[in-house]
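Please have the viewer open and follow along.

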Amino acid sequence: MKSAVVAVAFLAGIGLLAGCQPAAQKAAAPKEKKVEPKKAEKKKKKSATERFRTALANQDKWQKACSNPNQLVPEGIDVETFRKEMLATVKFPPGGVLGKDVKRGEKLFGDPKKGGRSRRGNCYACHCGDPQILACGNIGPSLRGYGKRGIDPKDTYIKIYNSWAVVPCSVMPRLGYHGVLTPEEIADIVAYMHDPNSPLNK
Amino acid sequence: MISRRELLKFAAVGTIALTLVPGTLGEALAAPKDMSLEEALKEHLGATLSDLKESDLIHIKAPTIAESGANVPVQISANVPVDQVEALYIFADANFNPWVTTVEFSPLNGEVFFATRIKLAKTSKVRAVLKMKDGTLLAAAKEVKVTVGGCG
Amino acid sequence: MGKRKLLLSALTGGVILGAVATAQEQVPSHLQELLELGMHPGHAYVDEGRETFNTLKGPNGKTCASCHGEDGAKLEGAYAKMPRYYTDIDRVADLDLRILSCMTKYMGFDPKDKKFRKEFDKWNGRYRVPLATFVASLSNGMEINVKLDDPQEKELYKKGEELWFMRVGARDFSCGICHTVLTGKRIRLQGLPDPVKAKVYTHWPAYRFGSDKMWTMEDRVRSCFKAYFLYEKKWDEKKDWVKKPPPYSDWVIALELYMKYAANGGVVEVPGLLR
Amino acid sequence: MARIGRAIVRVPKRISKGQVFKIQMVITHPMETGRRKDKKTGQPIPAHYIDLVEFFFNDQKITTLRTGPAISKNPYFAVKMKATESGTLIIRYKDNKGGKWEKSVKVSVS
């Protein structure tokens with residue numbers, strides 16, 4: 001029973017990896033309004049138990065690898081291969097890694113009007129940055145003055161898109177990889193972080 | 001004093017009733033008019049901010065940083081004999097109605113003390129005003145920074 | 001310790017750590033000051049639960065007190081041993097599920113009756129949360145003593161441990177990432193406790209002032225999953241977000257069992273007050 | 001919460017004559033400001049809050065609290081009282097929608 005679950009999880013993981021590219025591209029078009037046919041949904045309403053089971057089975061093989069008490073890359077898995085495979089999933093936006101909409105980047109990073117809240121980026125949950133935002137976490141490093149550290153914006157982009165391409169099994173969510181943020185949105189966040197006029201860098 | 005306040009309340013109700021047109025009932029009820037601190041002081045104390053005498057006899061205990069604005073504990077005590085005090089007023093500057101509560105004391109209280117949990121709309125000062133029987137208004141304030149929380 | 005360091009570098013992601021603002025390292029005093037007041041709404045739930053326990057009659061005329069004694073005299077210490085296996089339902093049950101099975105099996109409530117389920121399942125309902133808080137408070141001052149004697153308990157414990165460390169969902173979260181590995185760090189201003197080492201189970205059910213509600217551990221565990229961003233096909237906040245595991249499911253009870261077993265020896269102090 | 005208006009009151013078990021002691025209470029009440037909207041229907045939730053709390057001891061009024069929607073949900077109040085004799089503490093409170101309640105506790109002074 002257990003091995004079957006593992007196998008399903010593994011297959012689902014591969015499926016997810018393979019399916020990542022078109023998914024990311026679909027998400028890249030921000031104004032695309034595609035209404036899925038509702039009939040298919042109505043036909044079978046899955047039970048909460050079934051839905052939750054499916055959701056857990058979506059664990060990809062890399063998540064599975066990191067699911068140990070240390071939550072780090074286990075022995076027997078080559079970190080470099082892991083990193084390379086993760087790097088291969090990173091999709092770049094056509095307009096480059098520095099987005100144009102710095103304001104949108106700020107909102108996704110953490111809306112200063114809402115005390116730094118943002119469901120999707122939610123950077124302040126783990127990082128400090130804008131000194132105005134008092135409620136910031138200390139799980140990740142402070143991002144104060146980030147833009148002055150001489151970091152290549154491309155590296156910032158990769159870190160946000162798929163943090164595991166930099167540090168496998170990192171606690172930082174792979175926001176672009178899972179489609180929580182689109183490439184354009186990440187580019188706007190990168191622009192906000194590197195902008196000399198951003199509150200992070202002032 | 002009390003009757004004046006009642007009167008004002010009625011006046012407020014009257015205004016709402018007057019603005020009632022079909023469809024706006026909910027809104028009128030849902031969004032009482034924003035009030036400034038000065039307006040609230042005037043309504044409840046008939047005073048202005050400059051009438052308040054800052055006093056270190058009043059002690060406000062409240063968190064400096066609040067992790068939730070909905071539940072800010074406030075403990076107020078004052079080093080003045082309770083029989084000289086008429087009432088304690090609490091105001092929160094940035095709330096839509098800055099008046100929070102009025103506590104009318106009697107000599108039976110033994111001490112000037114009051115504690116409660118209050119809502120703060122955002123970072124602002126919490127003020128305690130003691131209305132003495134001789135008419136003086138002693139006041140103290142403490143700033144509480146309201147933050148958001150959670151992992152979203 | 002070496003692994004901790006490795007993780008820390010994992011977190012910094014190669015970026016050199018800047019000086020951390022010391023002012024923000026202060027522990028906020030909000031909770032402390034609330035605790036200082038000495039009384040909180042959680043205490044009202046105990047009181048309400050007691051009344052419901054003594055007076056609420058099921059369709060067959062029985063109250064909770066009919067079996068368990070006035071004011072739950074026979075339930076003292078029961079919560080300290082839960083979750084555990086119950087023969088009558090052939091399942092490992094947590095407090096919430098046990099109360100549900102009592103009400104449906106012995107008091108005559110229909111588990112499919114919508115009106116009953118509303119009062120039972122809902123956060124602001126009159127049955128589950130007040131009753132759970134009251135029954136838990138009957139173990140106050142006693143040591144948590146969860147045993148893994150039954151094979152079902154053993155199996156569920158293992159499942160709980162596995163689930164604890166399982167990275168899954170669009171945020172690559174696991175319980176363990178925040179509550180084992182990152183213990184002592186903060187999400188925004190909230191410190192992350194280690195429920196396994198720190199035995200925080202002693203304070204549940206708890207009144208959480210951030211949401212102004214009484215939470216049982218069942219509620220807590222289920223809502224944790226909201227942050228995972230679980231999905232069925234492809235993550236989409238609006239269309240495909242599997243927010244919580246079903247109530248009283250083995251997933252939830254397994255995690256409760258895992259945490260509470262680790263809290264053995266801790267002294268129950270209910271209702272707790274937490275963020 | 002289930003039962004609007006239910007309250008619990010706490011006073012110390014042992015009080016000696018002349019002691020100033022704390023009276024604490026928690027009332028179960030939503031304390032709606034009138035500014036929130038129902039998440040599902042989008043309809044505004046009407047204001048609903050405790051507006052008056054009076055403390056009496058042996059029929060003498062000790063304290064009057066006039067309160068508004070800025071008091072937190074499930075409100076907590078604490079005041080102090082000087083112990084002179086044993087007796088009954090009665091707390092009467094009401095809300096802006098006509099709800100009226102009363103809660104009494106015995107105070108024994110030795």
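## Chain B at a glance

Chain B is built from three helices and nine strands. Bear in mind as you read that this is a predicted model. Along the sequence, the order of elements in chain B is α-α-α-β-β-β-β-β-β-β-β-β.

Chain B has 152 residues, and 47% of them count as buried. Its accessible surface amounts to about 7000 Å², with 60% of that belonging to carbon and sulfur atoms. If you take the contacts in chain B between residues at least 6 apart in sequence, 63% join residues at least 24 apart.

## Two cis peptide bonds in chain C

Two peptide bonds in chain C deserve a look if you plan to check omega angles. The bond from Met82(C) to Pro83(C) is cis, its omega being near 0°. Pro83(C) sits in the loop that runs between helix H4 (64–68) and strand E1 (84–86) of chain C.

The bond from Val270(C) to Pro271(C) is also cis, again with omega near 0°. Here the proline, Pro271(C), belongs to the loop between helix H12 (250–262) and strand E7 (272–274) of chain C.

## The cavity

How many cavities of 30 Å³ or more does a search of the whole structure find? The search finds one, and the volume of this largest cavity is about 70 Å³.

By residue class, the lining of the largest cavity holds seven nonpolar, one polar and four charged residues.

Gln71(A) lies in the loop between helix H5 (61–66) and helix H6 (79–87) of chain A. Is Gln71(A) buried or exposed? Its relative accessibility is 0%, so Gln71(A) counts as buried.

Asp212(C) is another non-glycine residue with a positive phi, in this case about 60°. The loop between strand E5 (206–208) and strand E6 (213–215) of chain C is where Asp212(C) is found. With a relative accessible area of 7%, Asp212(C) is buried too, because the cut-off for that label is under 20%.

Key
Residues numbered from 1 in each chain as written. Chains lettered and ligands numbered in written order. Predicted model: local features only at pLDDT ≥ 70, side-chain atom pairs only at ≥ 80, totals over all residues. Heavy atoms only, no water. Helix = DSSP H or I, 4+ residues; strand = E, 2+ residues; numbered from the N terminus. Buried < 20%, exposed > 50% of the residue type's maximum accessible area, 1.4 Å probe, protein only. 1 Å grid on protein atoms, 1.4 Å probe; cavity = no way out; pocket = protein on both sides within 12 Å on 5 of 7 lines; lining within 4 Å. Points joined across faces, edges and corners; volume = space filled by probe spheres on them. Nonpolar A, V, L, I, M, F, W, Y, C, P; charged D, E, K, R; others polar. Contact = heavy atoms within 4.5 Å. Areas by Shrake-Rupley, 256 points an atom, 1.4 Å probe, with all protein chains shown as cover.
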